[in-house]
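Please read the points below beside the sequence and the coordinates.

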Amino acid sequence: MINGFKVITLCGSTRFKEEFLEAQKRLTLEGNIVISVGLFGHSGDDVVWTEGVKEMLDRQHLAKIDLADEIFVINVAGYIGDSTRREIAYASSKGKIINYLENMPTNIFEIENEQIFDKGRQSAICEYNSCQGPWPYQWKNINPVVCGVLQKQGLLSIDYHDLKYLYDCYSVWEIRLLSRKVEAKLRIKEIINTIQGKYDYMMSNAQRLVVTLCYSPNSSSYNDELSQLHEFLIHYVDEADIVWQTRKMESIEDATEVSLIIKHKYDDWASRVCSFLLEVGPKLGEKGTHCASFQSKPILEKQPDVVFLGYNPHEEWGFYKEEVSKIRFYEGNPSFYTSERNKWRVWRLSGMFNWAGYTKPVKDGNYVFFNAIYFGTNNIARFKRIKGSVEAIEKCLDFTEEVIQKVFKPKCIVCFSLKDCFLLLNNRFQFDNITDIDTAKETDASIIDFVKSKKSGGWKETLSCTKPVLKASWNGIPVYGIPHPSSSISNNDLGAIALYLRSEMQKIGI
């Protein structure tokens, strides 16, 4: 109390901005001092999502709870997200009174299943039943009101705003896991083991998780399961935003089901790159700032064997904003998946691996091929003379490091060109253990003997590349610098490099 006025702190998802303002007005007029959120991150205040701000605001809001006599939770349609759950738990630990906009059961993780519907709710259920497709895709187009009603009835776990957030991207997966172990302590353990065994890569690359724990009505241990699963996900999924939901299963069988909807980090990365390209591209001038990043499609469901990395697009076109789209980051260069690819001199790469009897690294689905710098001209030196290009190059390299080290995490990297790719990256990121390679000496002898037994013609007996080849380590990932395949390099040299790369790649399980 302050001067006879009760102090109330508002808590809840910032997506409910109107409800926050309405509650603030009503509680103020009732004679209370009302403390609200400072920014509405889910309602347009994008500064919330800049580095460090969200964490600061979360700590700040706990301090606001310390100042209050009670908290008032804005739980529209019963929705309470992870942040709000933490705030409720914090308020409870401090002995604060907790009130809700809408009535909540004693256990805030449980959604009561009401049996009596008014006409509006009946209409919502009919709309739900008419949706087609596997879960959760049948709910993609449901409106907020219907979504809220279904959520409150226990028929839908995920909130409308989270659905909208998820489907606003390309890279979404769903995983459903079911355990019927009789012993409660084994049910979640079995599910966790499955996640670690089958979905390790996908989970480690999650940017956003919507987790639903379904438990049977006769289960008496689901709170323990909830805590165990929650602890596992928080420690297992680094820096992921987790939305937590629970609901009772219809069946009385002693079963536990966990469903995960995953939004991949790559989609967030692609969105930021597109914004950067659209902002910076026009500033680099009308001539010679052609933008081209991904030639191949990305690999997102598993760890790529190889990232083939070029320097930049060697094309003298202007900047066309129509070509800057997330589609390019998912579909690659349209010409790359037609017969046009075989006309690209850079795709001599495929021929050299074929000659070496080792085509796995260049089979679609095993590699990613893109440029480290997303702007360029026919002449690299000319691009570097353009005003603003230095800053653009630095930012491109930061994005390239992020997608390689935090998303793709390939087994190895092959840089096309030492001077303009390998050494450029080394200057920026300081590779470890840079080594000059004699391809004949470094290639496994059995591979050379095998290939020699199958081939004839004008190949040098030593199979030693006359051009420089380098090897290093980039945060533990082997990285190789080779001459650009489209440069004036002989077939002998290409063959020697292919045999060396085959020897190296097989050692790391490619």
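1. T256 counts as buried, with a relative accessibility of 0%; buried means under 20% relative accessible area, exposed over 50%, and partly exposed in between (1.4 Å probe, protein chains only). T256 belongs to strand β8, residues 256-264. Helices (H or I, at least four residues) and strands (E, at least two) are DSSP runs, numbered from the N terminus. The side chains of T256 and R187 make a polar contact at 2.8 Å. Such a contact is a pair of N or O atoms within 3.5 Å; within protein, one must be able to donate a hydrogen and the other to accept it, and residues adjacent in sequence count only if both atoms are side-chain atoms. Apart from neighbours within four places in sequence, T256 is in contact (heavy atoms within 4.5 Å) with L177, L178, S179, R187, I188, I191, L213, C214 and E225.

2. On the source: this is a predicted model, in which local features need pLDDT of at least 70 and side-chain atom pairs count only at pLDDT 80 or more, while totals for chains, interfaces and linings use all residues. Residues are numbered from 1 along each chain as its sequence is written, and side-chain values use heavy atoms, with hydrogens and water left out.

3. The chain has 18 helices and 16 strands. It has 510 residues, of which 51% count as buried. Among contacts between residues at least 6 apart in sequence, 82% join residues at least 24 apart.

4. Which residues of helix α15 (residues 418-429) are buried? They are L418, C421, F422, L424, L425, N426 and F429. An α-helix has 3.6 residues a turn, so residues three or four places apart point the same way. The cover over the buried residues of α15 includes β10 (306-310), α14 (389-408), β13 (412-416), β14 (432-436), β15 (470-474) and β16 (477-482). At the start of α15, a side-chain oxygen of S417 comes to within 3.1 Å of the backbone nitrogen of D420. After α15 comes Q430, with a positive phi near 55°.

5. Is N366 buried or exposed? N366 is buried, at a relative accessible area of 11%. Its place is in the loop between α12 (348-355) and β11 (367-371). The side chain of N366 reaches the backbone oxygen of K360 at 3.0 Å. Not counting residues up to four places away in sequence, N366 touches I299, K302, P304, D305, V306 and K360.

6. N333 lies in the loop between α11 (326-331) and α12. With a relative accessible area of 14%, N333 is buried. Leaving aside neighbours within four places in sequence, N333 is in contact with F294, Q295, R328 and W344. N333 and S293 are 40 residues apart along the chain, and their C-alpha atoms are separated by 8.6 Å.

7. The largest cavity is lined by L277, C291, A292, S293, E323, V324, S325, R328 and F329, and about 50 Å³ of space lies in it. On a 1 Å grid over the protein atoms alone, a cavity is a set of points where a 1.4 Å probe fits but cannot get out; lining residues have an atom within 4 Å of a point. Grid points are joined across faces, edges and corners, and a volume is the space filled by probe spheres set on the points.

Key:
1 Å grid on protein atoms, 1.4 Å probe; cavity = no way out; pocket = protein on both sides within 12 Å on 5 of 7 lines; lining within 4 Å.
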